[in-house]
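Okay, thanks for having me, everyone. Let me put the model up and then talk you through a few spots in it.

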Amino acid sequence: MLKGYLRPDGRKGIRNVIAVAYLVECAHHVARQIVTKSGDSEVHLIGFPGCYPNDYAFKVMSAVTTHPNVGGVLLISLGCESFNRERLKAAIEASGRPCETLVIQQSGGTLSTIQKGLEAVARLQAVAAQTPVVEMAVSELVIGTICGGSDGTSGITANPAVGRAFDWFGAQGAACVFEETGELVGCETIMASRAVTPELGAELEACVQKAEAYYTVMGFGSFAPGNAEGGLTTQEEKSMGAYSKSGSAPICGILKPGDLPPTGGLYLLDVVPDGEPRFGFPNISDNAEIVELIACGAHVTLFTTGRGSVVGSAISPVIKVCANPDTYRKLSEDMDIDAGKIMEGRATLDEVGQEIIDSVLAVAGGTPTKSEAMGHQEFILTYKAFDPLGPACLPLRRA
Amino acid sequence: MSLPSPLILLHPDDNVAVCRAAIAAGSTVTVGGETLPVTEAIEVGHKVAVRDLKAGDKIFKYGAPIGSMTKDTPKGGHVHMHNMKSDYISSHTREASGGTHA
């Protein structure tokens, strides 16, 4: 049995973070100074840079500031931006969390707001420290997965090993979320055959078709130069490897960023915007997807990499699973798990799958990941537009 | 006992194998019962033709189609961007990131 921080809404967290959130780029420096000067690695910087309103950004900011790993929130506003700070504060307080707001234009400027922010963080920490710690079942975990810097080894080692771990966690009743429909182009038919209902299967296929159309307008697939240097030639080849992260369980539903999985089991997170392409690339970099997984409640994210990534995340820890044995040797200080040994015949997929399971349980129990220990707390949120989920997307409801 | 092959055939229907340990140019490698003359150096993660391939042939890896050949390539040849393409959406390299798509 794990231990979790019990939030007033009944959800449980594996961390007890104070989030300092800037609500426009103009407030970013002040917010960052508050985080840095707090000198506490459990005070995390998040934010949205845009001055224009965006429903998606509001939904994601609401979801991450009320995430079970968060114990209190400080909002930093310049004052004239469009972001609805009163509505966000009301949502955070409705979740039972302490929240304070500082408006720079009303707080005396940069230095004064930083000073007031440090005092606010101390008050929020005092409240968060009172959070009850209770028993938490594995079934209460939400686990995300993403791949970044994929190469020709990813689909043979790290991704199917994560799939093994997903099968185990799903069988325990945990919610497992895979994503990036642009990296499932070419897999839509086999994926649809795993849906719990035919209607959901049709929705899964439609998600991937939407992604293909969107990326075609962008002019590039979800395929970076490093993918090709690592031996991957086509989008569908990369997709087949990425798809194996989902394991073999039935697919229970589709989520969009900010939707919580209603039951345990396996979910696809649809990260590609709806409607005409408007705001550019769906996910400008890996952390944009990690933020969306966290917005869906992910307590921890399994990040598979072949070429080698070093990122972590604000709010929820990232476990790096390295697919390529050469990359592991080059970047071992950043990698939590060496799946490349499968390539060299030094371990089986099942053995590495078990290592991933053990790592998730240890991290959920408080052990820091490599990126967490080194202070990685990346966070990026950009503009998007989504329609609400269709009726066929979540056929299962919690009893 | 022979050393394990530096190539893996992921599925019996596949017409390419994946390199799991670097192969030197001019090596002869056996995988899936086929003996392949590998003329150029192959890095980990890259693909090698396990039979003679013609332009237009579908390429199978994991037992699934991952694109088509654009040029004829003999058994043992490197299969990558220079002789193969997506059947869905074009791939891009770093060269494409500078000029027209800046």
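Helices (H or I, at least four residues) and strands (E, at least two) are DSSP runs, numbered from the N terminus. Now the housekeeping: this is a predicted model, so local features need pLDDT of at least 70 and side-chain atom pairs count only at pLDDT 80 or more, while totals for chains, interfaces and linings use all residues. Residues are numbered from 1 along each chain as its sequence is written, chains are lettered from A and ligands numbered from 1 in the order in which they are written, and side-chain values use heavy atoms, leaving out hydrogens and water.

Let's take chain B to begin with. How many helices and strands are there in chain B? Zero helices and nine strands. V29(B) has L36(B) as its bridge partner in β4(B). Two residues sit between the strands, and in the turn G32(B) has a positive phi of about 55 degrees.

On burial, meaning under 20% relative accessible area, with exposed over 50% and partly exposed in between (1.4 Å probe, protein chains only): 39% of the 102 residues in chain B are buried.

One of the residues I want to show you is D14(B), in the loop between β1 (7-8) and β2 (16-19) of chain B. What D14(B) does have is the backbone nitrogen of Y62(B), 3.0 Å from a polar atom of its side chain. Taking contact as heavy atoms within 4.5 Å, and not counting residues up to four places away in sequence, D14(B) touches several residues, including L9(B), V50(B), F60(B) and K61(B).

Over to chain A. There's an open sheet of seven strands here, parallel, in the order β10-β11-β9-β8-β12-β13-β14. β10 (251-255) and β14 (337-338) of chain A are at the edges with a single partner strand each, so one side of each has no neighbour in the sheet. Within that sheet, β8(A), residues 142-147, pairs with β9(A), residues 175-179, over three parallel bridges, and G144(A) stands opposite V177(A). Helix α10(A), residues 286-295, packs on the sheet, and its direction makes about 165 degrees with that of β8(A). Axes here are lines fitted to C-alpha atoms, for helices over the stretch in contact, and angles run from 0 to 180 degrees between N-to-C directions.

Chain A also has an open, parallel sheet of four strands, ordered β4-β3-β5-β6. Its edge strands are β4 (43-47) and β6 (99-103) of chain A, and the twist averages 20 degrees from one strand to the next. Five parallel bridges link β3(A), residues 17-22, to β4(A), with V20(A) opposite L45(A). Helix α1(A), residues 28-38, lies across β3, β4 and β5 (70-77) of chain A, at about 170 degrees to β4(A).

That's my tour; happy to go back to any of it.

Key. Pairing = 2+ DSSP bridges. Polar contact = N/O pair within 3.5 Å; in protein donor to acceptor, adjacent residues only side chain to side chain.
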